[in-house]
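Please open the model in your viewer and keep the selection tool at hand. The stops below follow one another.

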Amino acid sequence: YWPNGSLTAPRATSEFNLSRRNPVTGVVQPHLGIDIVGWADVLSPVDGTVLFAGYNGGAGNEVRIRADGPTAFHVGDVFRLMHHATLYVRSGQRVTARQPVGR
């Protein structure tokens, strides 16, 4: 699932790009994620365990989930969901796919 609970990709404001120019600093540096928008609550894309939930500098409030259930492409994959205003989960908590983890 995508973090909006959908099976189809939501609108992206910045794609994965190894030679992206940072829109804030203007420096060319890799963008190793996908910035997506268009909803309020961010949902877990997989069944798993929250490895980290808290403030993480430039990532803002981040939730990091290790996939360990039947919804995972690969057990052990880690998903980083960043830039939340509010977190709904805590480190060590089990989550299921499509469960709200932040806003």
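**Around the largest pocket**

Begin by selecting strand S2 (35-36) and strand S6 (78-84), each of which supplies at least two residues of the lining of the largest pocket; strands here are DSSP runs of E with at least two residues, numbered from the N terminus. This is a predicted model, in which local features need pLDDT of at least 70 and side-chain atom pairs count only at pLDDT 80 or more, while totals for chains, interfaces and linings use all residues. Residues are numbered from 1 along each chain as its sequence is written, and side-chain values use heavy atoms, with hydrogens and water left out.

Next select Ile34, Asp35, Arg80, Leu81 and Met82, which lie nearest the centre of the pocket among its 30 lining residues. (On a 1 Å grid over the protein atoms alone, a pocket is an open set of points where a 1.4 Å probe fits, with protein on both sides within 12 Å along at least five of seven lines, and lining residues have an atom within 4 Å of a point.) The lining divides into 20 nonpolar, seven polar and three charged residues.

**Along strand S4**

Now select S4 (residues 48-55) and S5 (residues 61-67), which run antiparallel and are joined by seven bridges; two strands pair if DSSP finds at least two bridges between them. Tyr55 has Asn61 in S5 as its bridge partner. Five residues lie between S4 and S5 in this hairpin, and Gly57 in the turn has a positive phi of about 55°.

How values were computed: Helix = DSSP H or I, 4+ residues; strand = E, 2+ residues; numbered from the N terminus. Nonpolar A, V, L, I, M, F, W, Y, C, P; charged D, E, K, R; others polar.
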